[in-house]
Amino acid sequence: MNTLRNANMPNPLLPISIRDLRLTRSDRPVLGGVNLKIDDPGITVIMGPNGAGKTLLLRCLHGLITPDQGFIKLGSLAVADSRDEQAMVFQHPVLLRRTVLQNLAFAAPEIAKTAPERLIQALESVNLANRADQPARMLSGGEQQRLSLARALLSEPALLLLDEATANLDPASVLLIESLVKAQSLQGTKVILVSHDQSQARRLADEIVFMSNGKVAEQSPADQFFTTPQTPAAKAYLAGEILF
Amino acid sequence: MDALSEAFRLIITLDADLFEILLLSIRVSLIALAISAIIGLPLGSWLAISKFPGRKFCILLLNALMGMPPVVVGLIVYLLLSRSGPLGWLGLLYTPSAMIIAQAVLITPIIAALSNQVIENLHQEYRDTFYSMGITGRRAVVAYLVDARYALTTCILAGFGRAIAEVGAVIIVGGNIDHLTRVMTTAIALETSKGNLTLALGLGAVLLSLSLLVNALVIGVREYAAKRQYA
Ligand SMILES: Nc1ncnc2c1ncn2[C@@H]1O[C@H](COP(=O)(O)OP(=O)(O)OP(=O)(O)O)[C@@H](O)[C@H]1O
Ligand SMILES: [Mg+2]
């Protein structure tokens, strides 16, 4: 594992450049030429209606999907070479059929061997230290999500991707996860987060990427996006109108 | 009903003949099971998570082999081990080893096919997360085997149940020789045909109890796992 990430060090996975990314599923173009350049550290929130392609874009970035066409570069690296530096938190956390602590140990065998106290600290950071020896899958949904975030952060990734990671969580869990994500980004981790929660986006985002119909429709600084969205689609989305 | 009470006397008094047969049955089936598990579990898991052309066909084949009639397995193993067969020089026909081989051939596909299904389901669930965490190859196979430990235990128990209750294959390759290759099922068949219902019933009761025990274990393992969300 790498040493503590430092906010003053340049992030090796920046800038992120995505050019003309195309993906077809069931004969339908689901990503229809995504162009996006993310230069700055901090938190980028991707918003957009259901089916806009947010999840697919995140999965392409993470290397879970190979696009049919297009170009992704993270810093000087291709996706495949950047994967060690990435971590992803999924909407539905998948935990091993082991205890809470063993789940962390499995994700970071090096740390478990050389600095096991760091695993306990990680559990403390998500308020799960007293649950260390419980079967992980017996945790509630919010607790499982907190554990999966702790697991993702163990590797101190240069890029952290979260796909609706706080959907269905209670307000306290949402705020706890947000504060951890914020803290991690202040330590130099680039965060890209998909969310439908406008208040969450306002709390966290430095920058908003708005997607619709398999494309990036708008990319703006967060304050500007919420006060003066540039595209009709984003305006309608923010107003809660149905887009089709 | 005399035969029935006599049969229970045989069990309670630890009748020497009955226990010789019981022990041989268990020994043969346990060794066959160990061989089958060592081959079947990794094979089933590997087929579940690997990608190569012909993988689907291999799984289809395993599932077909799972339903092989024991007498056919017995016949094939007989042909292999008979004096003029390719493995005749080993001199294994009509020995417990022959029965072990026959049972292992019979239940390896069962364990492989059942574990394949178990690991494939787990793989569906874990795949993206393992990919994200960079867990591949041997680490992934081991993790799947560990995480499916309870379901795999029930696969193994099912294999044991099938092996110990099987008669067609072991009678062909073992020959049902007294004090040498006579196991519970073949003894029951023989004693029944001779009209000696006492020993047959006694062995039948033991076999039935074993089967109940195995099934109770299966249920116990399932419940233990379900309670911890480890199923
Ligand atoms: N395997 C697939 N086969 C067919 N269509 C697919 C497949 N995967 C995704 N799609 C389609 O691609 C489109 C974009 O999906 P994606 O999951 O990226 O949407 P999203 O923006 O994340 O939506 P949501 O807000 O609902 O999560 C959807 O219309 C979806 O139906
Ligand atoms: Mg989505």
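Me: Of the 14 residues around ligand 1, which come nearest?

Reply: Happy to start there, keeping in mind that this is a predicted model. The shell around ligand 1 holds 14 residues. The ones that come nearest are R28(A), G51(A), K54(A), T55(A) and H196(A).

Me: How many residues of the shell around ligand 1 are nonpolar, polar and charged?

Reply: Let's sort that shell by class. Its charged members number 4, and its polar members number 6.

Me: Which element supplies the largest share of the shell around ligand 1?

Reply: Two elements of chain A, β2 (28–38) and α1 (54–62), each give at least two residues to the shell. The largest share is 3 residues, and it comes from α1(A).

Me: What distance separates an oxygen atom of ligand 1 from an N or O atom in the side chain of H196(A)?

Reply: N50(A) places a polar side-chain atom 2.9 Å from an oxygen atom of ligand 1. For K54(A), a side-chain N or O atom is 2.8 Å from a ligand oxygen. For H196(A), the distance from a side-chain N or O atom to an oxygen of ligand 1 is 2.8 Å.

Me: What percentage of the accessible area of ligand 1 does the protein cover?

Reply: Start from the ligand on its own, where ligand 1 has 640 Å² of accessible area.

Me: Are helices α6(A) and α7(A) roughly parallel or roughly antiparallel?

Reply: Helix α6 (residues 141–154) and helix α7 (residues 171–186) of chain A have axes 10 Å apart and pack at about 10 degrees. Angles under 35 degrees count as roughly parallel. Therefore α6(A) and α7(A) are roughly parallel.

Me: How many residues in the contact of α6(A) with α7(A) are nonpolar?

Reply: On the α6(A) side, the residues include L149(A) and L153(A), and on the α7(A) side they include L176(A), I177(A), L180(A) and V181(A). The contact also has 4 polar residues and 1 charged residue. The nonpolar residues number 6.

Me: Is the peptide bond from L14(A) to P15(A) cis or trans?

Reply: P15(A) sits in the segment before β1 (16–25) of chain A. Omega for the bond from L14(A) to P15(A) is near -5 degrees. This peptide bond is cis.

Me: Phi of which residue is near 50 degrees, a positive value in a residue other than glycine?

Reply: Look at the loop between β1 and β2 of chain A, where S26(A) is found. The residue with phi near 50 degrees is S26(A).

Note on methods: Residues numbered from 1 in each chain as written. Chains lettered and ligands numbered in written order. Predicted model: local features only at pLDDT ≥ 70, side-chain atom pairs only at ≥ 80, totals over all residues. Heavy atoms only, no water. Axes fitted to C-alpha atoms, helices over the stretch in contact; angles between N-to-C directions. Helix = DSSP H or I, 4+ residues; strand = E, 2+ residues; numbered from the N terminus. Parallel < 35°, antiparallel > 145°, perpendicular 65-115°, else oblique. Contact = heavy atoms within 4.5 Å. Nonpolar A, V, L, I, M, F, W, Y, C, P; charged D, E, K, R; others polar. Near = heavy atom within 4 Å. Polar contact = N/O pair within 3.5 Å; in protein donor to acceptor, adjacent residues only side chain to side chain. Areas by Shrake-Rupley, 256 points an atom, 1.4 Å probe, with all protein chains shown as cover.
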